[in-house]
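Subject: Structure handover

Hello,

The structure is placed below, and my notes on the contacts between its chains follow. Please read them with the structure open.

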4 protein chains.
Amino acid sequence: MSDEEWIRTGVGASDADSITLMGRDVASELMGKVTFTELTFLLVQRRLPSAGEARMLDAVLISLADHGLTPIALAARLTHTGAPDSLQGAMAAGLLGAGSVFLGVVEDTARFLEGVAGADDVRAAVERAVGERVDAGERVPGLGHPVHKVQDPRTPRIYELAEETGQLGPNLAALRIVAQVHEQRTGRTLPINGAGVAGAALADIGFPAELLRGIALVARTAGLLGHLAEERERPIGMGLYREVDARAVYDPPDA
Amino acid sequence: MSDEEWIRTGVGASDADSITLMGRDVASELMGKVTFTELTFLLVQRRLPSAGEARMLDAVLISLADHGLTPIALAARLTHTGAPDSLQGAMAAGLLGAGSVFLGVVEDTARFLEGVAGADDVRAAVERAVGERVDAGERVPGLGHPVHKVQDPRTPRIYELAEETGQLGPNLAALRIVAQVHEQRTGRTLPINGAGVAGAALADIGFPAELLRGIALVARTAGLLGHLAEERERPIGMGLYREVDARAVYDPPDA
Amino acid sequence: MSDEEWIRTGVGASDADSITLMGRDVASELMGKVTFTELTFLLVQRRLPSAGEARMLDAVLISLADHGLTPIALAARLTHTGAPDSLQGAMAAGLLGAGSVFLGVVEDTARFLEGVAGADDVRAAVERAVGERVDAGERVPGLGHPVHKVQDPRTPRIYELAEETGQLGPNLAALRIVAQVHEQRTGRTLPINGAGVAGAALADIGFPAELLRGIALVARTAGLLGHLAEERERPIGMGLYREVDARAVYDPPDA
Amino acid sequence: MSDEEWIRTGVGASDADSITLMGRDVASELMGKVTFTELTFLLVQRRLPSAGEARMLDAVLISLADHGLTPIALAARLTHTGAPDSLQGAMAAGLLGAGSVFLGVVEDTARFLEGVAGADDVRAAVERAVGERVDAGERVPGLGHPVHKVQDPRTPRIYELAEETGQLGPNLAALRIVAQVHEQRTGRTLPINGAGVAGAALADIGFPAELLRGIALVARTAGLLGHLAEERERPIGMGLYREVDARAVYDPPDA
């Protein structure tokens, strides 16, 4: 590869008359022909999705878009309080909180399933993998939710849509077995949570585990924009600061 | 309003059995029923779009998603080079460059049109507004493009789709007049650019000018994720750094 | 300038045996010889400060470093709640709120003083400039503070240090006149605030107005790191989220 | 702890007449009395440093402040290209690249030394720890540098200053043994690098490993501000984009 050719990309290109994304002409092949969801699939997987895959990606994006006044939404709103002129700064601040604690479960579940979903004997593989976690006193990713203690409403809906669209693949199937095995092992019934089922569904439509956090980030931008639109109309950032500041107990070190 | 009630939101809520976004049950009313694009519209405008509005929003999101190895994409890739473990950091870094120079035109065009599109005599209002800009030696937002000098391929496609879907409203109409008046005034033919037509189209489907940058940011996250997916497979960030570092001429101040 | 030479920098360079910053050898000329504050001055102004200038910059950095549980500190802490593995993400989220509302006053004051501090008749220039603002119903930057209503404790200290170090230049002098003229004009006594006096002091030691926000950002990183160190020991982010979430009134649009 | 008292902080507080940081009055006890470096130490360690500790922290901050046109500096400059109105966005983008690849070594070295520096027989502990890494084919953190192949100029300077100031503690001592043991084990002489020696020096003056990345981030803000000050005068971001865009080979997937 010559010196001149190491800068290569398939994402986007343009010349005087055309703009292309992943080899498709934007004006004639994409705009008006595919949805933004289908474009997102194309940009990551370098191919357009089937109708079923697109429907699953839409459902997952919607399921991850927002969860109310989370730390992520609050960080974005408080950033807007101090820098209302930079909408991109408030959006970026919100995304920065989409780390291991909340959205990491999407990725963690997919990685956990990677180790079992392709096994010859899936149940045996799940029993081993769940057993190791339980014995080590670790959580099994994708199970349990602090609010949705009996059932996460997103989970049965994802399974229903996966069946409808023919996208119920090895990861979603294995995740069900994970929940059953966990219950048998521990005697505790933990529901499959929305982040976990999202990870399994995205893996089944071809997304690699290492990029699932990115899909969750795309989903969150819509939620964050909703919060910032609302913050401009009915702010809570300044009120939150004032209340925290008024209630704060000052507790310095001994001098 | 009592002390307890100033924290209000319509964006998202959840309880043990359900999750709601803008008053819609996520599992039964949104997942599998609407697209992520329709959800984005709902989260910002607090109502679901018509089919035509959704199609226009999809087309605009696609038109703004990516433009190749822009400063935005390069900043995201270089951030990934130093912090590959934090995908959210690389995405956020990319969004932070989506400021006044590139995506600002979307918003600037919509604000410019706000002043003329609702006038009784639109052409007269445009002549006044364009005249002021031209006389002041300022650019008219939405016109001209460094690469697409004759025609931006996105522009005729947006007008075509707007007609097809019945969404060709006062802003898109006024923008055409802006281009005509500018040509008559200056003798120079400048095409309506993709950012400008996006701003007009978004205004016609109800988005306020102050939030248009946010729509552009949602669009860009898909492009950025495409770049980061590619960067993980075929990195250019480290090579770019090495070449810049090797070529850099050190030019310190006199000591 | 040839194609190969447009990549020029004076900031930093290194070869096999040495590292240089602004033309000084890091190991032999900077480490152990100057403070980080002097280095910051050097990196921005391309020369080392005098002892008096360095003392003023230290005082200003300290005065701007932190103000308790501000929106900036809260955004950093909430980001850490969701992404504890990315300290750089939490720090960056905090900086993103250091925009026009809080730290912008530093820059705004310096820009306001630029227009009057160099005038032949400073008092006359101040009277004109303050008069214009007051007549337009606008605030005069650098005056007034929501908490320090009578006197901002940082202000007399900066003036005292500026006299001690011989750094009381035209901007600090003009800012005093601004406060006097404002009082005469309006009958209201507003104290010079800490952000305003910081802007004037930084201008007097040679920092251009357009970079003052950057100095404030350097100062804030220390405060943010203090908050994040504390957050790891005694977190408030998760508690804040839980309380907000519990108290939030859900107020969706009519469906 | 009552409901009202869980919001506690020792970092900062203010009332009508005073501002306090870690229990010190900002105006009378800190401004003009301590340096910004000493304040940074206070904010993280909740005590003021000795003169020797402060001198070491200054030296380390300077050693980490900048390394020329790194990915971090380039990301900040490219972000400024697109959003010149948001200095905080460009600074934040730069910090976001200060992750595991570059500045992570500071933290990794300190964590590695944690396991050996306090052992009864340090040499035996180092031999075990280095042996494990070497046998596993892993790098020993703190050793080797792509540019400074024989000696990193910062390393002898830090040891010299540590001796001068009486701050050569168990971590710096153990790091020397690490380098010796590594050489005996592998037959390869790798120099102690600047990031590694910074980690050891910071550990010796009391900073916990988990916050070292934060110290590196404070250091980097000065370097980033230097780059952004220069970028405003002599930009390279736009030129870099243009060249990359012109040279990019478009390599889309097969349609």
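Buried area here is the accessible area (1.4 Å probe) that two parts lose on being put together, summed over both. The size of an interface is often given in this way, as the accessible area lost when the parts come together.

First, the conventions. This is a predicted model, in which local features need pLDDT of at least 70 and side-chain atom pairs count only at pLDDT 80 or more, while totals for chains, interfaces and linings use all residues. Residues are numbered from 1 along each chain as its sequence is written, chains are lettered from A and ligands numbered from 1 in the order in which they are written, and side-chain values use heavy atoms, with hydrogens and water left out.

Chains C and D

Between them, chain D and chain C bury about 7,000 Å², and 69% of this lies on carbon and sulfur atoms. Three residues, D:Met31, D:Phe36 and D:Ile62, supply 11% of the area that chain D buries against chain C, more than any other three residues. In contact terms (heavy atoms within 4.5 Å), 82 residues of chain D meet 82 residues of chain C.

The interface of chain D and chain C has 4 salt bridges, a salt bridge being a side-chain nitrogen of Lys or Arg within 4 Å of a carboxyl oxygen of Asp or Glu. D:Glu230 forms a salt bridge with C:Arg46, with the closest N and O atoms 3.4 Å apart. Helix H11 (residues 212–233) of chain D gives the largest share of the side that touches chain C, 15 residues. Helices are DSSP runs (H or I, at least four residues), numbered from the N terminus. That side of chain D divides into 40 nonpolar, 23 polar and 19 charged residues. Here Ala, Val, Leu, Ile, Met, Phe, Trp, Tyr, Cys and Pro count as nonpolar, Asp, Glu, Lys and Arg as charged, and the others, Gly among them, as polar.

A rotation of 180° with 0.0 Å of shift along its axis superposes chain D on chain C, with an RMSD of 0.0 Å. Copies are superposed by least squares on the C-alpha atoms of residues with pLDDT of at least 70 in both. Of the residues of chain D, D:Ala92 comes closest to the rotation axis, its C-alpha lying at 2.3 Å. Chains D and C meet through the same surface, because 100% of the interface residues of chain D are also interface residues in chain C.

Chains A and B

The contact takes 82 residues from chain B and 82 from chain A. Chain B and chain A bury about 7,000 Å² between them, 70% of it on carbon and sulfur atoms. On the chain B side, B:Met31, B:Phe36 and B:Ile62 lose the most area to chain A, together 11% of what that side buries.

There are 4 salt bridges between chain B and chain A. A:Glu210 forms a salt bridge with B:Arg232, the closest N and O atoms being 3.5 Å apart. From helix H11 (residues 212–233) of chain B come 15 residues, the largest share of the side that touches chain A.

Chain B can be laid on chain A by a turn of 180° and a shift of 0.0 Å along the axis, with an RMSD of 0.0 Å. The two copies are thus related as by a two-fold rotation axis.

Regards

Conventions: Helices (H or I, at least four residues) and strands (E, at least two) are DSSP runs, numbered from the N terminus.
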